[in-house]
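This briefing sets out selected features of the structure shown below, grouped by topic.

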Amino acid sequence: MQTLIKNGVLATATKTEEADLLIEDDKIISVGQGLTVEDAVEVIDARGLYVLPGGVDVHVHLDLPMFNTVSSDDHYTGTKAAACGGTTTVIDFVSQETDDLLGCVAKLRQKADARVAVDYGLHMNITHLNPRVEEQIPLLVKEGVTSLKVFTAYNGRLRLQDHEIFRVLRIAGEHGLLTMLHAENGDLIELLVQEACLNDRKSPVWHARTRPAWGAVEAVMRGAALAAVAQAPLYIVHINTSGEVDMLRYARDHGVQLMGETCPQYLFFTEDDLARPDGAGWVCSPPLRTAADQQRIWKGLKEKTVQVISTDHCPFFLNGTKPILYEGKEVAIPGKELGRDDFTMIPNGLPGVGDRLPVLWTKMVGSGEFSINEFVALTSTNPARIFGMYPRKGSLSPGADADIVLWDPRLEVVYGVAHAQQRTDYNLYEGWKLTGYPLRVLSRGRTVYCDGTWSGKPGNGKFIHRAAFTGMV
Ligand code: URP
Ligand code: ZN
Ligand code: ZN
């Protein structure tokens, strides 16, 4: 079965050209000018549209249990929301529920494989280290799980000690896995949270005030030092402060294999948003920072110190006692209201997987600050490369999966919860005027979204068996 996309402007991380693109079944088989086929099942006229590789979001949390509830997008609704916003590959995280890492991966796949609407991969969280876990880490490569996440925060829950992070880095580096670091200072947070609670400072803004930026800066440099000594690559997740970007720059200039991602929320919102009446809806970890931090992160993206913009999509309802309609059914999932009187009870995390590309297009490409190629690099190609999926994902070359977004640069949208397909009751970008929006989205050759209509199905996505880490971006 062949589909021909004609008359569009193809834009990848490296070039923009007028060309046609031919798809056979689930793959791109040819790219060039004036392509014709006798028996194409469909010819799509992409005049006036950009043809982009589908977005790759390497940081999402689907169906993640937290604080007596669960993040409100599951593997179907989260991947549907992703696709409606132009993202055709996501990577979720496996919690280390037991020391049988392979068993944990298998358990998550059993749930997710049947539910995902677009392709997905998995990272493994390492939150408890012992000889059995150390033995199992290399075995993950054969399962296509080639990245691990470790934490310097969440004392007593997810945090590893420095010597443990060093051991993980060393084993990962020796076996072709990439380690990812959640960088905050767990001790400082624990102490500041205790003090805030003793002083009855429990409003949402105290979530940010008890998680200081300096703790993140220090933890990134600590991670860089451990990676340097382990001679292993390290990827810093959800970069949120200027100092983290400076540390990344310093480490990269000194030959450390350090890379990093930021997320839209750190580029567009600040700690002040936590003081809004609905401030709980802006509670995430690490927290939102300042306008000065935003400026430095933008500069870090421009100068390629920061290589990826992912989302850390981890949505909750703002008011989970009130049902919303999702696909014609009433749904209510306990959410941010759990911490109405105490920020320590607010489930941490924000929606964003579907918002990412439309919002960034307007703010990056529409503003003229970034080229389309830089936009594609940061949101699709770089993450695909870093996480062992390129050129199958993040490219438009023959042989790649036909994950394609037909992007209308003129489409104007007043964005918000009514547009986004994320299964929650609010949207960070409510009322934002966006210009540029996906018109049609194909996942492995199949149209899943077209002009406001969803045609994807649970189980149509596939697990991506990712390759070992091959080198720095
Ligand atoms: O608040 C957030 N980001 N929740 C998800 C967990 C994490 O650390 O990424
Ligand atoms: Zn994290
Ligand atoms: Zn996360």
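How far from an oxygen atom of ligand 1 does a polar side-chain atom of Tyr154 lie? In this predicted model, the distance between a polar side-chain atom of Tyr154 and an oxygen atom of ligand 1 is 3.2 Å.

**Ligand 1**

- A nitrogen atom of ligand 1 has a polar side-chain atom of Asp312 at 2.5 Å, and an N or O atom in the side chain of His59 is 3.5 Å from an oxygen atom of the ligand.
- Taken alone, ligand 1 exposes 270 Å², of which the protein buries 95%.
- The residues surrounding ligand 1 include His61, His182 and His238, together with Lys149, Cys284, Ser285, Cys314, Asn348 and Gly349.
- Sorted by class, this shell holds seven polar, three nonpolar and two charged residues.

**The eight-stranded sheet**

- An open sheet with parallel pairing is formed by eight strands in the order S6-S9-S10-S11-S12-S13-S14-S15.
- Its edge strands, each pairing on one side only, are S6 (55-57) and S15 (308-309).
- Three bridges link S6 to S9 (residues 87-94) in the parallel sense, and Val56 stands opposite Thr89 of S9.

**Helices on the sheet**

- Helix H7 (residues 213-230) lies across S12 (178-182), S13 (234-239) and S14 (258-262), and runs at about 170° to S13.
- Helix H8 (residues 242-253) also packs on the sheet, where it touches S13 and S14; the direction of H8 makes about 155° with that of S14.

- Strands S2 (residues 16-24) and S3 (residues 27-32) run antiparallel and are joined by five bridges.
- Ile23 is placed opposite Ile28 in S3.
- Two residues lie between the strands of this hairpin, in which Asp25 adopts a positive phi near 55°.

**Backbone features in loops**

- Ser285, one of the residues surrounding ligand 1, is joined to Pro286 by a cis peptide bond with omega of about -5°. Pro286 belongs to the loop between H9 (264-268) and H10 (291-302).
- Another cis peptide bond, with omega of about 5°, connects Tyr390 and Pro391; Pro391 is located in the loop between H12 (372-386) and S18 (404-414).
- Lys304, a residue other than glycine, has a positive phi near 70° and is found in the loop between H10 and S15.

Terms used: Residues are numbered from 1 along each chain as its sequence is written. Chains are lettered from A and ligands numbered from 1 in the order in which they are written. This is a predicted model: local features need pLDDT of at least 70, side-chain atom pairs count only at pLDDT 80 or more; totals for chains, interfaces and linings use all residues. Side-chain values use heavy atoms; hydrogens and water are left out. Two strands pair if DSSP finds at least two bridges between them. Helices (H or I, at least four residues) and strands (E, at least two) are DSSP runs, numbered from the N terminus. Contact means heavy atoms within 4.5 Å. Axes are lines fitted to C-alpha atoms, for helices over the stretch in contact, and angles run from 0 to 180 degrees between N-to-C directions. A residue is near a molecule or strand if one of its heavy atoms lies within 4 Å of it. A polar contact is a pair of N or O atoms within 3.5 Å; within protein, one must be able to donate a hydrogen and the other to accept it, and residues adjacent in sequence count only if both atoms are side-chain atoms. Accessible areas come from the Shrake-Rupley method with a 1.4 Å probe; for residues, only the protein chains shown count as cover. Ala, Val, Leu, Ile, Met, Phe, Trp, Tyr, Cys and Pro count as nonpolar, Asp, Glu, Lys and Arg as charged, and the others, Gly among them, as polar.
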